[in-house]
Number of protein chains: 2
Amino acid sequence: MNIILFAAKELKKNQLNLDDCRARHIHKILKSRPGDILKVGVLNGPRGSGMVRSISPSQVTLDIKLDNKPVSRPMTDLILALPRPIMLKRILAQSACLGVDNIYLINSRRVEKSFFNASLLKDEIMTDYLCHGLEQAGTTMLPRVAIHPRFRPFVEDMIPRISLSCPVRLMAHPLTSALLPQVIPVPLREKVLLAVGPEGGWLDYEIEKFREQEFKLFSMGPRILKVETAVTALLAQLELLRHFQPAGG
Amino acid sequence: MNIILFAAKELKKNQLNLDDCRARHIHKILKSRPGDILKVGVLNGPRGSGMVRSISPSQVTLDIKLDNKPVSRPMTDLILALPRPIMLKRILAQSACLGVDNIYLINSRRVEKSFFNASLLKDEIMTDYLCHGLEQAGTTMLPRVAIHPRFRPFVEDMIPRISLSCPVRLMAHPLTSALLPQVIPVPLREKVLLAVGPEGGWLDYEIEKFREQEFKLFSMGPRILKVETAVTALLAQLELLRHFQPAGG
């Protein structure tokens with residue numbers, strides 16, 4: 001944990017009392033002592049510092065001081081053909097860590113129907129994995145996850161609404177030759193809606209539906225990546241393009 | 001498996017006889033039939049096609065035709081403070097998948113000494129994980145892995161030798177403000193030697209030793225990434241910078 005996260009309602013008169021895994025982490029892993037200062041953050045809110053007031057193996061009290069600086073929400077929304085649960089766990093954590101605003105888990109012909117019954121898809125379980133990612137990154141903005149088990153209504157009805165706030169819409173496609181920097185303005189300043197397909201790829205019909213919604217197709221190069229590797233690679237590349245300013249520029 | 005890999009010596013008169021996990025994969029997962037064409041590749045050699053001549057649940061014979069096109073070796077060498085074995089497995093596969101030429105597993109003050117005794121570090125076990133990555137990517141060039149349990153001799157004696165073929169030497173550092181495109185020429189054309197530290201980071205002393213070897217420090221931004229996420233993110237970013245040619249450029 002590179003930040004101790006808590007919900008706004010847990011804070012009582014600028015004091016935070018912890019008796020769960022966060023307390024055990026502070027005691028056992030961080031080996032904190034009274035007076036130590038820890039990095040803390042309110043879920044979906046500001047960050048700040050927490051001074052250890054008292055500590056035991058099972059209970060920690062922190063005096064909290066929050067920054068004035070707001071944390072902004074990430075500039076990428078992710079559409080993901082629902083992957084198998086063991087992979088989804090890692091993708092949720094990595095997406096929260098690298099910075100995603102909304103995650104839309106959708107259906108596709110190549111998604112196994114049983115994946116939509118996975119117990120992982122319960123809100124509180126997904127939130128756990130997302131929080132792991134935030135705790136790793138040291139930030140507070142929790143991605144919002146929505147599940148859409150029907151492909152067409154999502155693409156035809158939801159995407160036009162999402163698109164209002166995402167002017168740049170992108171989809172990796174192996175039969176395209178244009179690379180990412182060739183299909184978007186660089187440096188990238190606008191919000192992106194990125195669609196990542198299932199193992200084996202989207203069907204032609206599905207790609208056509210995304211194209212109707214003005215998704216731009218680009219190539220990730222000749223190597224075939226696992227979905228989880230592709231998500232990390234693409235989020236990292238978009239981040240680079242957001243801050244792109246070469247030495248001579 | 002997006003490619004069936006084999007060693008050059010397995011090929012007998014343009015025929016490949018398989019009776020191991022590759023045969024079972026072709027039978028059970030790919031459900032191939034006689035006459036089907038599969039993508040194949042010689043480890044560290046050319047790719048080509050294999051026509052299924054005969055197939056049973058445990059034995060497959062392929063007629064092999066190899067391309068004339070050579071596969072080039074990747075343009076990145078990776079120095080990695082030896083991570084814990086469970087993470088190293090994934091990093092090996094991901095590095096092979098994304099494309100790394102040499103991997104140097106080295107010591108650092110924050111590396112647990114016991115990691116150097118991990119059974120994973122046996123050549124044939126590491127090769128298995130590397131091959132998983134190649135099979136995923138659909139390519140053939142196996143990264144070469146070397147283990148260096150002593151930090152100073154590696155940095156002082158080995159890096160000057162490695163540097164002869166790697167003009168660009170890079171190290172991510174949280175206290176730097178320059179971003180990756182600001183410290184290297186873009187588009188990137190030269191071979192890169194990239195150093196990735198342990199969880200918790202290199203010591204100041206260690207960073208100083210790398211700087212003496214003309215490593216350029218750059219920032220990955222405010223988010224703190226796990227080592228395995230950082231490796232994937234950085235390899236993806238370097239790949240983007242190699243092919244960087246914006247639409248207007």
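What follows is a set of questions about the terms used for this structure.

Guide: This is a predicted model, in which local features need pLDDT of at least 70 and side-chain atom pairs count only at pLDDT 80 or more, while totals for chains, interfaces and linings use all residues. Residues are numbered from 1 along each chain as its sequence is written, chains are lettered from A and ligands numbered from 1 in the order in which they are written, and side-chain values use heavy atoms, with hydrogens and water left out.

Visitor: Why is Y205(A) called partly exposed?

Guide: Buried means under 20% relative accessible area, exposed means over 50%, and partly exposed is in between (1.4 Å probe, protein chains only). Y205(A) has a relative accessible area of 42%, so the residue is partly exposed. In chain A, buried residues make up 51% of the 249 residues.

Visitor: Which residues of helix α6 in chain B are buried?

Guide: In α6(B), residues 204–212, the buried ones are E206(B), I207(B), K209(B) and F210(B). They cover an arc of only 155° around the axis, which puts them on the same side of α6(B); the arc is that of the directions from the helix axis to the C-beta atoms. The elements covering these residues include β6, β9 and β11 of chain B. Just after α6(B), E214(B) takes a positive phi of about 60°.

Visitor: How do you know how much area is buried between chain A and chain B?

Guide: Buried area is the accessible area (1.4 Å probe) that two parts lose on being put together, summed over both. For chain A and chain B that area is about 3,000 Å², and carbon and sulfur atoms give 64% of it. R223(A), I224(A) and L240(A) supply 22% of what chain A buries against chain B, more than any other three residues. The contact involves 33 residues of chain A and 33 residues of chain B.

Visitor: What makes a space a cavity rather than a pocket?

Guide: On a 1 Å grid over the protein atoms alone, a cavity is a set of points where a 1.4 Å probe fits but cannot get out, and a pocket is an open set with protein on both sides within 12 Å along at least five of seven lines; lining residues have an atom within 4 Å of a point. By this rule there are 2 cavities of 30 Å³ or more. The largest cavity holds about 50 Å³, where grid points are joined across faces, edges and corners and a volume is the space filled by probe spheres set on the points. Its lining consists of Q94, E228, T229 and T232 of chain A and Q94, E228, T229 and T232 of chain B.

Visitor: How many residues of that lining are polar, and how many are charged?

Guide: Ala, Val, Leu, Ile, Met, Phe, Trp, Tyr, Cys and Pro count as nonpolar, Asp, Glu, Lys and Arg as charged, and the others, Gly among them, as polar. The largest cavity's lining has no nonpolar, 6 polar and 2 charged residues.

Terms used. Helices (H or I, at least four residues) and strands (E, at least two) are DSSP runs, numbered from the N terminus. Contact means heavy atoms within 4.5 Å.
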